[in-house]
Amino acid sequence: MINLLLFPVLIPFLTAMILMFFPKRVSAQRAVTAVGMIASVIASIFLLITVMRDGVQAVTLGSWPAPFGITMVSDPLSAALVLTSNLITLAIVFYSFRSIGEGREKHFYYPAMMFMLTGVNGAFTTGDIFNLFVFFEVLLMASYVLIVLGGEKRQLRESIKYILVNIVSSAFFVTTVAMLYSVTGTLNMADIAAKITDIGQSGILTVIAVMLILVFGLKGAIFPLYFWLPSSYAAPPVPVLALFGALLTKVGVYAIMRTVTLLFPHDPGFTHEMLMILSILTIVAGCIGALAYFDLKQIVIYNIIIAVGVILFGVAQMNMAGLEGAVFYLIHDMFIKAGLFMLIGVIIAVTGTSNLREMGGLMKTYPALAWTWLIAAFGLAGIPPLSGFFGKLLIVQGAFEADNLWGGIIILASSLIVLLSVIRIFIHAFWGEPKPVKATSKQIYRGLFVPAAMITALTVFYGVGTEWLRPVMFDAAEILHQPSIYIDAVLKE
Amino acid sequence: MEILMSVIIGFLFMAAVYLILSRSLIRVVIGTGLLSHGAHLLILTMGGFSGSAPPVLADGVTDFVDPLPQALILTAIVISFGVTAVFLVMAYRAYQELETDNMTLLKGNDEHD
């Protein structure tokens, strides 16, 4: 079935449209959302199996020949990312049932979530640069709704900054597409890549590459374009924060991966060197932030920035080990960030605060929460049997193979700081003298804790089952390393 | 012609950046409007000003204007229209709730919401 790769885009979209009809009936909203998400997860599992069995899937909409219509392309990387984002959204949907509150649920919370997933899956699957812009706008527009929904003062203040930054970066994206179109005369990414290979990467194309890194860097929060992220992400409620932290910045990271490997691999001395320096600075900036705060949300938010730096450092190495490590780490990071945000949501729900200084001794009252947090924290830092290990190992190996000794050492050192920042949460919140906690009903606690623990269990599986997942990651990295596979799959049908 | 348009677009971008960096929220919104005008005109310019007939099939016409940038602009216009509408309503709500349109006063932390 050749249209299979459209299903993860279409199913959330149709679900969102159905949900628009009965906003006030909360239980129906929940049921339809859950059914739609499960269908979407099943479709993306089939998609990943098909892509692994039959190679890259490409479909040009409306049966036009390849460079003239809009092409949707599903290679192992995008299929794996689509499956990951669907699984995470499914868990967050279940988490939302107990945490988001009826007021928000009655005002198009679930449709906005589904539209955002439509945009994310579309951005992962598209093979057309202007279509990528449109899917970016779809997910951004839904994220504007999600960030401001509820209308608290803090949300209003931060969403104005968030929307302004994204309008400016979208205008920049349009400008860059216009320049790329005037140089190459096409919008299909495979066709652009083929044309750049023919004419060679001249100075103007390097400028466009830097502009694209700037645009996607603003979306994906790299140094020095991450300034908007910490305060904006702290404003919305926890399930929205988990959704943003797991998916939104990773779309920007994926877009950088795709453009620097597919479109602009010809002048690595400039673009990749720049990307590497920026990613190192991103890691340093994130580490400083992660240590500076005593606020649960801020600590994990700065860990997003560190992870973006680590992934892009892997991409900048441009060898198989670095790219495979980047793919491994990207998917690990989506899962673990969703898990960590959901767990801090549970901690905030039981203590009533996000300030580390005001909590303590939760180990006695909530032992399961404590041990899950410890496992998630070790997974984030990359302790061997858990999920963060193998990706970082490959990234460091890639750095040493490419003679970037200092970069590799900084990555390893950053792991220590990451571990320190999340273990600090463990020590302050779970050890020490018990402090008074809010009376949380068992039902609410279980409703919040179970999805969070499921995601953490998935990350443990991801770490232990590395050998089973390796073929997917290897194929994904191979296509990033040899863009001709991608170009041939799209243009020579 | 392209040179002239480039200069005008550059001026629009300059004005947009100046307005976005100002204090009043409504000036920021006007700045984003100018920014998207500049971006849309840039797509039109970058498509080139060759061709004489509008991109509509007609008898005896062979020299058409490039239709693709016009489709791109149309898409981008609708999107920026939607985003601007959201932004304006958000600015209005923020003015109601926070009782200021001064961007420098829109700050605070956990203690001071």
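Predicted model: local features only at pLDDT ≥ 70, side-chain atom pairs only at ≥ 80, totals over all residues.
Q: What makes a residue part of the lining of the second largest pocket, and which residues are the closest to its centre?
A: A lining residue has an atom within 4 Å of a point of the space. The second largest pocket has 19 such residues, and the closest to its centre are Leu164(A), Val165(A), Val168(A), Ile20(B) and Leu21(B). Two or more lining residues come from each of helix 7 and helix 10 (229–234) of chain A and helix 1 (2–20) of chain B, with helix 7 of chain A giving the largest share, seven residues.

Q: How do you know how the lining of the second largest pocket divides into nonpolar, polar and charged residues?
A: Each residue is classed by its type, with Leu, Val and Ile, for example, counted as nonpolar. Sorted in this way, the lining has 15 nonpolar residues, three polar and one charged.

Q: How do you know that chain A and chain B are in contact?
A: Contact requires heavy atoms within 4.5 Å, and by that rule 28 residues of chain A are in contact with 35 residues of chain B. The two chains bury about 2900 Å² between them, 80% of it on carbon and sulfur atoms. In chain A, the residues that lose the most area to chain B are Arg157(A), Ile160(A) and Tyr181(A), which together account for 22% of what that side buries.

Q: What makes a salt bridge, and how many does the rule find across the interface of chain A and chain B?
A: The rule asks for a side-chain nitrogen of Lys or Arg within 4 Å of a carboxyl oxygen of Asp or Glu, and across this interface it finds zero salt bridges. The count of residue pairs in polar contact between chain A and chain B, both residues at pLDDT 80 or more, is one. On the side of chain A that touches chain B, the largest share, 18 residues, comes from helix 7 of chain A.

Note on methods. Residues numbered from 1 in each chain as written. Chains lettered and ligands numbered in written order. Heavy atoms only, no water. Buried area = accessible area lost by both parts, 1.4 Å probe. Polar contact = N/O pair within 3.5 Å; in protein donor to acceptor, adjacent residues only side chain to side chain. Helix = DSSP H or I, 4+ residues; strand = E, 2+ residues; numbered from the N terminus. 1 Å grid on protein atoms, 1.4 Å probe; cavity = no way out; pocket = protein on both sides within 12 Å on 5 of 7 lines; lining within 4 Å.
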